[in-house]
Amino acid sequence: MNAGKMAKITAINGAQPSPGQSSGSIAVRVQVEFYMNENTFKERLKLFFIKNQRSSLRIRLFNFSLKLLSCFLYIVRVLLDDPTQGLGCKELNRSCSNQNYTPGTIDWSPIIWVNRSLPLWGLQVSVAVISLFETLLLSYLSYKGNIWEQILRIPFLLEIINAVPFIITIFWPVLRNLFIPVFLNCWLAKHALENMINDLHRAIQRTQSAMFNQVLILISTLLCLIFTCICGIQHLERAGNRLTLFDSLYFCIVTFSTVGFGDVTPKIWPSKLLVVIMICVALVVLPIQFEQLAYLWMERQKSGGNYSRYRAQTEKHVVLCVSSLKIDLLMDFLNEFYAHPRLQDYYVVILCPTEMDAQVRRVLQIPMWSQRVIYLQGSALKDQDLLRAKMDNAEACFILSSRCEVDRTAADHQTILRAWAVKDFAPNCPLYVQILKPENKFHIKFADHVVCEEEFKYAMLALNCICPATSTLITLLVHTSRGHTAPWEAFRQLTGTKQTLNRESQQSPEQWQKMYGRCSGNEVYHINLEESTFFAEYEGKSFTYASFHAHKKFGVCLIGVRKEDNKNILLNPGPRYIMSSTDICFYINITKEENSAFKKQEKHRKNHESKLSYHGASRLPVHSIIASMGTVAIDLQDTGCRGASGATLALPAEGGKEGRRPSIAPVLEVADSSLHTCDLLSDQSEDETTPSDDEVSAGFEYAKGYPPYSPYIGSSPTFCHLLHEKVPFCCLRLDKGCQHNYHEDAKAYGFKNKLIIVAAETAGNGLYNFIVPLRAYYRPKKELNPIVLLLDNPPDMHFLDAICWFPMVYYMVGSIDNLDDLLRCGVTFAANMVVVDKESTMSAEEDYMADAKTIVNVQTLFRLFSSLSIITELTHPANMRFMQFRAKDCYSLALSKLEKKEREKGSNLAFMFRLPFAAGRVFSISMLDTLLYQSFVKDYMISITRLLLGLDTTPGSGFLCSMKITEEDLWIRTYARLYQKLCSSTGDIPIGVYRTESQKLTTSESREMASQSQISISVEEWEDTKDTKEQFSCRGNHRNSTSSDQSDHPLLRRKSMQWARRLSRRAPRHSAKTAEKINQQRMNLYRRSERQELAELVKNRMKHLGLSPAGYDEMNDHQNTLSYILINPSPDTRLELNDIVYLIRPDPLTYVPNAGPSRKDSFCNTVGQDTREETQL
């Protein structure tokens, strides 16, 4: 190739003048030749034999074949040779033919001379000549000035020993039968094989693993040692035992394996010496080879090796790319990924640049994961590492950010580069990317699925303020349930089976835990309407009709649809939407329809079943849902004889003495447009349609439109309540007056609604997503809560530009560590306090200590302001057990034991029964990592979650809101009747209930927990109570049984002791019941005294700051209640007072003709009337 180039260049430069031109008029031309290499014969030979990769590989392959051929010819010669027949040169050894071996003497003739036939000699001479010529040529070409370096090389010496004697026999025929150790060519073959493998890697431009080369070297070394020993022992023993090749092989294997049977042994000293030499060589060479192999094996264990191409083509695998792999992240991914039955045969290849830590290594050695998970140490930015992971054959690639990094922006930059590298290497591989900062999201728009952590986090925390426990609701929906309830208990309740359980089973979860755990198994599924048993019969009917009747008949909650020709999902498109056979239905259920078995209930039931179900028309049919191994059996009620009005839902008059109770209108198959439009838009309060005088005077006239400024690229436009003119930046500062207003604290503003306070470290762009859902257009103006941002660092101008258009949004520089800052920002009359995890504390030397500061600060808030609803974000979900911590609370200890049991069972949400999580008062963004994992199976989950949180707004799609059950609403009685009422009146779809109830503790349970929850108070003069001290129990309820944190205050202890002395003088003898009551009163007094002391501290600080302490409620707290969520409860679930129902409300703009907002004029195109927030029942 190079020679051709040089010839072409020479021809161009050596052109001759044309005949028409004179030599005098032509300038002198000089012929120039350009060479990439020296134009010498040696250099051209060197280029062919050494430098050129492909030709060099062919030469080495030919050399390797020659060496193997010489060894093969040697074996043929041994098999054809017979030592008893003529021994070579008869002129030199005439007396050797009849000589026998005697002990002590060695006949050297069979060792020196062999019987070699003429054709075999010709072949061996030819091979020797070619080998010697090639060796001399390569030595000449690689000569660099030192001749001895070439001569003293071991391969050159072996070549001389094996080839030169054959050439000598050409000129001296007498020596043709001279023994030549041709078997030593096996070492030259080994050397040629190593060079050939190296040239092969260079030729195909591929780096094979060092492990393969080392294993090849070790095997070839072992074979050469054994072959040399076999041939050497066989030849030397020609003068001794005359062993065959097989006998020599047997002897070598027995000797090298250290077995040593002794049946075959060398007889003469030369063969014994050879055995000693070979054993010494093996003891030196083999350990070195094994050491190098072990080192490479350890390095490979660290780096993870390769994922073979054959496995990638025959098996399905996904790749997980992370910057650092923590055990929590790994277990969350594996548990969620393998929770789906169809993913059991998938393999997970982890590509991580760091070395595997000890915890991860131990987990991956468990047989459950060792056969499924492959760890590769490498970088996603290197094509070699992506090739090792077979990224181009992967089913998906998950790229996760490291949220524990100090610089989260830098972590996002690394994630972006990884996504770009994977997209460049494997364009067809689906990408699932997790990003931290919303401003970096537009760089990875090409990814198939993207989850921005701060977007979801702030939107979820915002909805927590208006729809309690939204974070818990979303977390439970996006997790794959594995049955968080006791399956036997659920089955026993549904079937009426009675069986004696063991002692541990008698300590079953409480009723709220059973309901909460059973409902937490609900997930979002999808199915085509024409293929569905749930929804096929509702083709051509309205959406609300299909949703209500599907829930009534099957217990499933239809929440949204997607048309075949449209990618957008519509949550509750409203009663005007007509179901089509090609629609994709999205529903909430305990399991998907494909795993359900349907049974028609028999008309004739057994006697005991009839007795259980005999309640007349007042009892609703119970839809039995029995979950076992992913399959649900649903008992279908025969509703053919019932009218569409659902008369069985109406409550009968008790005893016929009361008048007729209110009835519920039926859900129409096709919505009456005039009726529903009137229901949704016409019944509005006057303060919604016409601003009050106070609002006009205060300048609180709001417009509806799109925010004119977004703090980052890629934010979804949302129709919001906005101000006509932006607020000056000076007026956004809550604690400092300006020329426009003179207020310096929240109390001075005189807000009508309670505050929502957000405590954050910095005003990041994600905080914008906290404000938008709280200012969405469908929130009534009269219910907008003022928002106060309590920031550690002052916000920048870009952020202030974004929030200055929103009404009643303020900020204040301060910290939750400072009580004065909390009081100035209005914590005493705040509805919710949201504590966002600080970025600077997310990384710590001990991982779980990252939340230490946040937890202690929240505990302080909980102690000082017990009536305040605090919503906290934590880095690690495991730290939820420290929220509102009570060291001696027996109920908290019981929940801790329950959590440990759930963790031992392999539960994805072991902490789900913790009271703060169940009540929605604590949240960790890592719990939403499963949203990205679930999108691999359910590609619609991210879209539905964004719609529920208000991050995306699709025309015609509904939004998440809530309503509270009051005393006037209790006539509805059941969840099914509520479902019907909402669908028939406003078109709302209920999806769950948030229930708050008081904690009750039975006497038996209190006695069992008494030893753990008692408060030891040493009273000197009350000695009579010592004997009955162990009988004192934590009466009342679980959480008021002890103080939240029993600190030793001398004043309080002295008052308690004086109170106890007075009681002991009045009643020296007490019964168990009376003593129990006294103990409870004493503990209540202790708690009340502690609260009063904290209240005095807060009031003194308020007076010092010039604030009125009138609004401070020091006694009211939430310690006596517990809250939990019931997702898609059964239709016969009874409603209770103060239940909060989660609703998906239709888009109000859908019902207003020509009300579509225009982006060009975001302030002029407003909706004339607001949707009514409260549903009147």
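Reader: Which residues of helix 13 are buried?

Author: Buried means under 20% relative accessible area, with exposed over 50% and partly exposed in between (1.4 Å probe, protein chains only), while helices (H or I, at least four residues) and strands (E, at least two) are DSSP runs, numbered from the N terminus. In helix 13 the buried residues are Ile 327, Leu 329, Leu 330, Phe 333, Leu 334, Asn 335, Glu 336 and Phe 337, so that helix, residues 327-337, is mostly covered, with eight of its 11 residues buried. This is a predicted model, in which local features need pLDDT of at least 70 and side-chain atom pairs count only at pLDDT 80 or more, whereas totals for chains, interfaces and linings use all residues. Residues are numbered from 1 along each chain as its sequence is written, and side-chain values use heavy atoms, leaving out hydrogens and water.

Reader: What share of the residues of the protein chain counts as buried?

Author: Of its 1177 residues, 51% count as buried, and the secondary structure of the chain comes to 42 helices and 25 strands.

Reader: At what angle do helix 2 and helix 3 pack?

Author: Axes are lines fitted to C-alpha atoms, for helices over the stretch in contact, and angles run from 0 to 180 degrees between N-to-C directions. Helix 2 (residues 41-51) and helix 3 (residues 53-80) pack at about 70 degrees, with their axes 6 Å apart, which makes helix 2 roughly perpendicular (65 to 115 degrees) to helix 3.

Reader: Which residues make the contact?

Author: With contact meaning heavy atoms within 4.5 Å, helix 2 contributes Leu 47, Phe 48, Phe 49, Ile 50 and Lys 51, and helix 3 contributes Gln 53, Ser 55, Ser 56 and Ile 59.

Note on methods
Parallel < 35°, antiparallel > 145°, perpendicular 65-115°, else oblique.
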